[in-house]
Amino acid sequence: MWLFIAFLAVPLIEIGLFIQIGGLIGLWPTLLIVVLTAIAGTALVRSQGLLAIDRLKRSMSELSDPSRPLADGAMILFAGALLLTPGFFTDACGFALLVPAVRSRVFRMLKDKVKVASFEMGPQPPRGPQAPRDTVIDGEFQELGEGRAPTHPSGWTRH
């Protein structure tokens, strides 16, 4: 239901803002602002996205919890989509998500609502009873003569 309300409310808000702002400053300045915010937003999303990828790589290499860098990256990606969508309301929301303090607040709100069952990194210890491993491998082979080529060459035969 919330998604339906968002898909209904956002276009109505955008249309209202276009009418109000277009009436105040005119058609061409309104369109210019929409295009300039898309260009500026794209540049900001690119730079902040690269920083988020670096933070994610660092957290993976340090084997620390990657949830914060992943959430930042997802919010930056969402901000980029909002900034490329024409409109003043979506631009305001997109620019807000590019502010690290806003992303931190959104992350804390989402973190309180999401429950993670488990999080593990690195090699996993075996769980439950394990069958004993044999170190002996049975097999048969046939050595081919010098002049004979194998019928099915593979890395396991001499040729």
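The model is predicted: local features need pLDDT of at least 70, side-chain atom pairs count only at pLDDT 80 or more, and totals for chains, interfaces and linings use all residues. Residues are numbered from 1 along each chain as its sequence is written, and side-chain values use heavy atoms, with hydrogens and water left out.

**Overall architecture**

- The protein chain holds five helices and zero strands; helices (H or I, at least four residues) and strands (E, at least two) are DSSP runs, numbered from the N terminus.
- Along the sequence, the pattern of the protein chain reads α-α-α-α-α.
- Of the 159 residues in the protein chain, 19% are buried, where buried means under 20% relative accessible area, exposed over 50%, and partly exposed in between (1.4 Å probe, protein chains only).
- Among contacts in the protein chain with a separation of 6 or more, 58% are made by residues 24 or more positions apart; a contact means heavy atoms within 4.5 Å.
- The protein chain has an accessible surface of about 13000 Å², and carbon and sulfur atoms account for 68% of this surface. Accessible areas come from the Shrake-Rupley method with a 1.4 Å probe, and for residues only the protein chains shown count as cover.

**The nonpolar core**

- The largest nonpolar core has 10 residues: Val45, Ala52, Met75, Ile76, Ala79, Leu82, Leu83, Leu97, Leu98 and Phe107. Helix H2 (27-61) and helix H3 (67-84) each contribute at least two residues to this core, and H3 gives the most, with five residues.
- A nonpolar core is defined as a set of buried Ala, Val, Leu, Ile, Met, Phe, Trp, Tyr and Cys residues joined through side-chain atoms within 4.5 Å.
- In soluble globular proteins, nonpolar side chains tend to be buried together.
- Leu83, a member of this core, is in contact with Thr37, Ala38, Gly41, Val45, Asp91, Gly94, Phe95 and Leu98, when its neighbours within four places in sequence are left aside.
- The C-alpha atoms of Ala40 and Leu83 are 8.8 Å apart in space, while the two residues are 43 residues apart in sequence. Ala40 belongs to helix H2 and is partly exposed, at a relative accessible area of 36%.

**Packing of helix H4**

- Helix H4 covers residues 88-97, and its buried residues are Phe88, Thr90, Asp91, Gly94 and Leu97.
- These buried residues of H4 pack against H1, H2, H3 and helix H5 (100-113).

**The salt-bridge network**

- The whole structure contains three salt bridges; a salt bridge is a side-chain nitrogen of Lys or Arg within 4 Å of a carboxyl oxygen of Asp or Glu.
- Side chains of opposite charge can pair when their charged atoms come close.
- A network of salt bridges links Arg55, Arg68, Asp72 and Arg103.
- Asp72 is buried, with 6% relative accessibility.
- Arg55 and Asp72 are joined by a salt bridge with an N to O distance of 3.9 Å. This pair links distant parts of the chain, with Arg55 in helix H2 and Asp72 in helix H3, 17 residues apart. Arg55 is partly exposed, at 28% relative accessibility.
- Between Arg68 and Asp72, the closest N and O atoms of the salt bridge are 3.5 Å apart. Both residues lie in helix H3, four residues apart, or about one turn of the helix. Arg68 is partly exposed, at 29% relative accessibility.
- The side chains of Arg103 and Asp72 form a salt bridge at 3.4 Å, N to O. Arg103 is buried, with a relative accessible area of 4%.

**The surface patch**

- A nonpolar surface patch is formed by Met1, Trp2, Phe4, Ile5, Leu8 and Leu12, which together have about 790 Å² of accessible area.
- Patches are made of residues with over 30% relative accessible area and no salt bridge; like charges are joined within 9 Å, and nonpolar side chains (Val, Leu, Ile, Met, Phe, Trp, Tyr) within 5 Å.
- Met1 sits in the segment before helix H1 (2-25) and is exposed, at a relative accessible area of 73%.

**Backbone at Leu63**

- Leu63 is located in the loop between H2 and H3 and is exposed, at 59% relative accessibility.
- The phi of Leu63 is near 55 degrees, a positive value in a residue other than glycine.
- Most residues other than glycine have a negative phi.
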